Amino acid sequence: MRIMSEKKSLLSKAAYRIEGQPMFKVLENVQKLEKKGEHIIHFEIGDPDFNTPNHIIEAAYSSMKNGETHYTNSMGLFDFRETVSEATAFSRGFSPSIDQVLVTPGANIIIYLTVKCLVNPGEEVIIPDPGFPTYYSVLKLCGVSPIRVPLREENKFRMNPEDIKNAITPKTRLIIINSPSNPTGSVMTSKEMDEIYGIAEKNGIYLLSDEIYSRMIYEEEAKFYSPSNNDFCKKLTIVANGFSKAFAMTGWRLGVAIGPVDVIEKMGLLVQTLVSCTPPFIQRAGIAAIKGDQTEIRNMMEIYKKRRDVIVDGLNSIPGISCLRSGGAFYVFPNITQTGMSSDEFANYILDEAKVAILPGTNFGNYGEGYVRLTYATSIENIKIGIERIRNAVEKL
Ligand SMILES: Cc1ncc(COP(=O)(O)O)c(C=O)c1O
């Protein structure tokens with residue numbers, strides 16, 4: 001026993017603060033049930049059910065065949081960063097210099113790189129609540145205080161610039177925004193984004209805009225707008241983007257950060273310290289994703305839109321559940337307060353009773369209580385089965 005407790009105390013204080021991502025724990029529980037032979041409908045993890053388009057796979061394959069299987073520049077291949085700059089000109093109206101572009105193994109790590117390079121322990125970062133769990137776990141690991149700004153259903157789960165203004169203190173160093181949002185699918189307006197940039201500028205605070213769902217917008221209902229439009233990522237804005245979602249490339253681990261040169265330089269050195277570089281053949285796949293035929297990507301979005309409508313209409317047809325129609329990403333965030341259960345109770349009950357895996361809103365922050373998150377990165381057939389199972393379980397309450 002003595003040896004055990006001595007061993008425990010050998011871990012660093014930071015190690016005790018590491019929390020990880022709660023959805024991976026849920027996935028583990030669900031897989032255990034599946035191992036027992038249960039048939040589970042998966043609405044829990046935001047991983048596209050589509051295969052990565054073939055031309056992207058081919059590009060990685062020929063890159064490997066051509067010998068690009070070694071270390072490369074920690075900041076990323078010149079060709080890839082140039083392609084990102086061209087794509088940014090097309091999508092956001094400005095061409096960042098190559099020195100403003102950093103390639104990373106996935107977008108997730110950009111959150112850590114940004115916080116580590118911009119915020120000291122004891123300082124504060126404003127984050128959306130509910131928000132992507134990595135924001136919380138990175139801040140906790142770095143000894144930084146999260147200042148939660150609520151995403152309210154009455155405001156269609158968009159961040160209110162006034163709330164951000166009120167949350168600023170002399171310790172605030174960074175504001176994180178995420179549009180389209182995980183877990184709500186909400187999309188900020190250009191007016192709100194510009195107002196938030198104005199607040200950041202007035203207070204000399206950096207802005208991390210997590211734009212991983214920027215290509216996943218249902219155009220008739222919402223428009224994507226980046227706050228980088230204000231400073232072209234030269235002063236305060238750091239854009240985090242990635243290939244996981246829109247290109248169905250979650251397993252490839254490819255992300256891109258765009259920001260002020262001095263910030264990106266330090267983030268690049270941190271990439272070098274932690275992972276050396278992002279694999280070159282993965283970056284070639286990224287070039288193919290951006291430059292190649294976009295038909296498959298557009299088709300995926302059309303399919304997601306149909307699925308979204310089926311899941312939203314299905315959820316709204318269940319007494320006790322109400323669900324907004326989200327304008328982007330592939331998530332819905334229904335209100336379940338009328339069922340009389342807490343988010344955790346409801347998610348556990350639905351898994352046990354209906355064999356449907358969903359996430360409690362509280363996985364995404366305090367203001368997620370009363371909600372659950374479902375992803376529609378699964379077929380319409382599965383969505384229909386899942387909705388009927390949830391309906392039957394709710395009717396038994
Ligand atoms: C809002 C948000 N940011 C970042 C990420 C990280 O994406 P990846 O590391 O797969 O590029 C995710 C993944 O779910 C996300 O939802």
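A pocket here is an open set of points on a 1 Å grid over the protein atoms alone, with protein on both sides within 12 Å along at least five of seven lines, and lining residues have an atom within 4 Å of a point. You're looking at a predicted model, where local features need pLDDT of at least 70, side-chain atom pairs count only at pLDDT 80 or more, and totals for chains, interfaces and linings use all residues. Residues are numbered from 1 along each chain as its sequence is written, and side-chain values use heavy atoms, with hydrogens and water left out.

**Stay at the largest pocket**

The volume is about 980 Å³, taken as the space filled by probe spheres set on the points, which are joined across faces, edges and corners. Now colour helix 5 (78-92), strand 7 (237-242), strand 8 (255-258), helix 11 (280-291) and helix 12 (295-316), the elements that give two or more residues to this lining. Helices (H or I, at least four residues) and strands (E, at least two) are DSSP runs, numbered from the N terminus. Which element gives the largest share of the lining? That's helix 5, with eight residues. By class, the lining has 16 nonpolar, seven polar and 10 charged residues. Nonpolar covers Ala, Val, Leu, Ile, Met, Phe, Trp, Tyr, Cys and Pro, charged covers Asp, Glu, Lys and Arg, and the others, Gly among them, are polar.

**Colour by domain**

**On to the second largest pocket**

Select Gln-21, Asn-108, Phe-132, Lys-245 and Arg-253, which lie nearest the centre among 23 lining residues. This pocket holds about 490 Å³ of space. Why does it lie between domain 1 and domain 2? Because both domains give residues to its lining. Helix 3 (22-35) and helix 6 (108-118) are the elements giving two or more residues, and helix 3 has the largest share, three residues.

Now show Pro-128, Leu-151, Phe-157, Arg-158, Met-159, Ile-177, Asn-178, Ser-181, Ser-186 and Met-188, which line the largest cavity. In a cavity, a 1.4 Å probe fits but cannot get out. About 50 Å³ of space lies in this one, and its lining has six nonpolar, three polar and one charged residue.

**Last stop: Ile-45**

Finish in the loop between strand 1 (41-42) and helix 4 (54-65), where you'll find Ile-45. Ile-45 counts as partly exposed because its relative accessibility is 22%; buried means under 20%, exposed over 50%, partly exposed in between (1.4 Å probe, protein chains only). Show its neighbours too: Ile-45 touches Met-23, Phe-24, Leu-27, Arg-373 and Thr-375, leaving out residues up to four places away in sequence.

Conventions:
Contact means heavy atoms within 4.5 Å. Domain bounds come from an automatic or database domain assignment.
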